[in-house]
Amino acid sequence: MKPHLLGSGLLTAAACLCLEMPVFATTAAYSELDAELAVNASIQIAQTAENTYDAWGNECSNLVEQQRFSEAIAACDRAVTLKPDYSLGLTNRCVALLQLDRYQDAVESCRRALTGDGNWGERTEASGWLNFGGSLILFAGEKPSPNEAIPLLQQALLAFDKSLEIEPAPNTRQLRNELEKLIQDLS
């Protein structure tokens, strides 16, 4: 098991809140009906004229809500195959990757979302920057030394600054300030 520089402390919890990620119980059971509905929805999308990036993006969101993260990633991948610069699909993919502790992949998905088409659904670009910053924090937490983590944390700080420029939010400001203190302590 890799050492985690940031552990399971306050910043990790704040990153999850900032990402607007629901806290999922790892032992949650799904009914057979939910699983069947998800499979049927995917089959219907693939076999109809509704085989659009939006339909697959919606399916990804639904699968994330059902805590079916591997399937959600596959649905987002289908959406992004149809529209490679689909910001919302890439952001949803990022959230699913984070739930599977695939932090480096999540960082890349968020980075692509920020340079994408600007379609954030009901959210704004501020949400994309929050996802990116939170992903960077969690990725930095996997690094064995401060020297490896600090550059990622500094990027996260810049991402939170961008988010605050777009949409000032007290939680983001608090997280940003705590992150700045952590960087100073590690330096």
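Among contacts in the chain between residues at least 6 apart in sequence, what percentage join residues at least 24 apart? In this predicted model, the value is 65%. The chain comprises 9 helices and 0 strands, and the order of elements from the N terminus is α-α-α-α-α-α-α-α-α. Of its 187 residues, 44% count as buried.

A pair of packed helices is described by the angle between the axes and the distance between them. Helix 4 and helix 5 pack with their axes 9 Å apart, at an angle of about 155 degrees. Helix 4 is therefore roughly antiparallel to helix 5, since angles over 145 degrees fall in that class. The crossing of helix 4 and helix 5 is left-handed. On the side of helix 4, the contact is made by F69, A72, I73, C76, D77 and V80. On the side of helix 5, the contributing residues are G89, L90, N92, R93, A96, L97 and Q99.

F69 and I73 of helix 4, which take part in this contact, are also touched by L100. L100 is placed in the loop between helix 5 and helix 6. Leaving aside residues up to four places away in sequence, L100 touches F69, S70 and I73. L100 and F69 are 31 residues apart along the chain, and their C-alpha atoms are separated by 7.1 Å. The relative accessible area of L100 is 32%, so L100 is partly exposed.

Helix 8 spans residues 146-166, and its axis comes within 8 Å of the axis of helix 7, the two crossing at roughly 165 degrees. Because of this angle, helix 7 is roughly antiparallel to helix 8. This crossing, too, is left-handed. Helix 7 contributes E125, A126, W129, L130, F132, G133, G134, L136, I137, F139 and A140 to the contact. The residues of helix 8 in the contact are A149, L152, L153, Q155, A156, A159, F160, K162, S163 and I166.

Aromatic pairs were also examined. A pair of aromatic rings is described by the distance of the centres and the angle of the planes. The count comes to 2 aromatic pairs. One of them is formed by Y53 and Y86, with 4.7 Å from centre to centre and 75 degrees between the planes, an edge-to-face arrangement. Y53 has a relative accessible area of 25% and is partly exposed; Y86, at 2%, is buried.

The other pair is formed by W129 and F132, whose ring centres are 6.2 Å apart and whose planes stand at 70 degrees, so this pair is edge-to-face. The cut-off for that class is an angle over 60 degrees. W129 and F132 are both located in helix 7 (residues 125-140), 3 residues apart, about one turn of the helix. Both residues are buried, and both are listed in the contact of helix 7 with helix 8.

The ring of Y53 also has a charged neighbour. K83 lies over the face of Y53, at 5.6 Å from the ring centre.

Most residues other than glycine have a negative phi. Q67 has a positive phi, near 60 degrees, although the residue is not glycine. Q67 is situated in the loop between helix 3 and helix 4, and its relative accessible area of 22% makes Q67 partly exposed. For D101, likewise a residue other than glycine, phi is positive and near 60 degrees. D101 is found in the loop between helix 5 and helix 6 (103-114). With 48% relative accessibility, D101 counts as partly exposed.

L179 counts as buried, its relative accessibility being 0%. The C-alpha atoms of L179 and L157 are 6.8 Å apart in space, with the two residues 22 apart in sequence.

Note on methods. Residues are numbered from 1 along each chain as its sequence is written. This is a predicted model: local features need pLDDT of at least 70, side-chain atom pairs count only at pLDDT 80 or more; totals for chains, interfaces and linings use all residues. Side-chain values use heavy atoms; hydrogens and water are left out. Rings of Phe, Tyr and Trp (its six-membered ring) pair if their centres lie within 6.5 Å; planes under 30 degrees apart count as stacked, over 60 as edge-to-face and the rest as tilted. Buried means under 20% relative accessible area, exposed over 50%, partly exposed in between (1.4 Å probe, protein chains only). Helices (H or I, at least four residues) and strands (E, at least two) are DSSP runs, numbered from the N terminus. A charge sits over a ring if NZ of Lys or CZ of Arg is within 6 Å of the ring centre and within 35 degrees of the ring normal. Axes are lines fitted to C-alpha atoms, for helices over the stretch in contact, and angles run from 0 to 180 degrees between N-to-C directions. Angles under 35 degrees count as roughly parallel, over 145 as roughly antiparallel, 65 to 115 as roughly perpendicular and the rest as oblique. A crossing is left-handed if the near helix is turned anticlockwise from the far one by less than a right angle, and right-handed if clockwise. Contact means heavy atoms within 4.5 Å.
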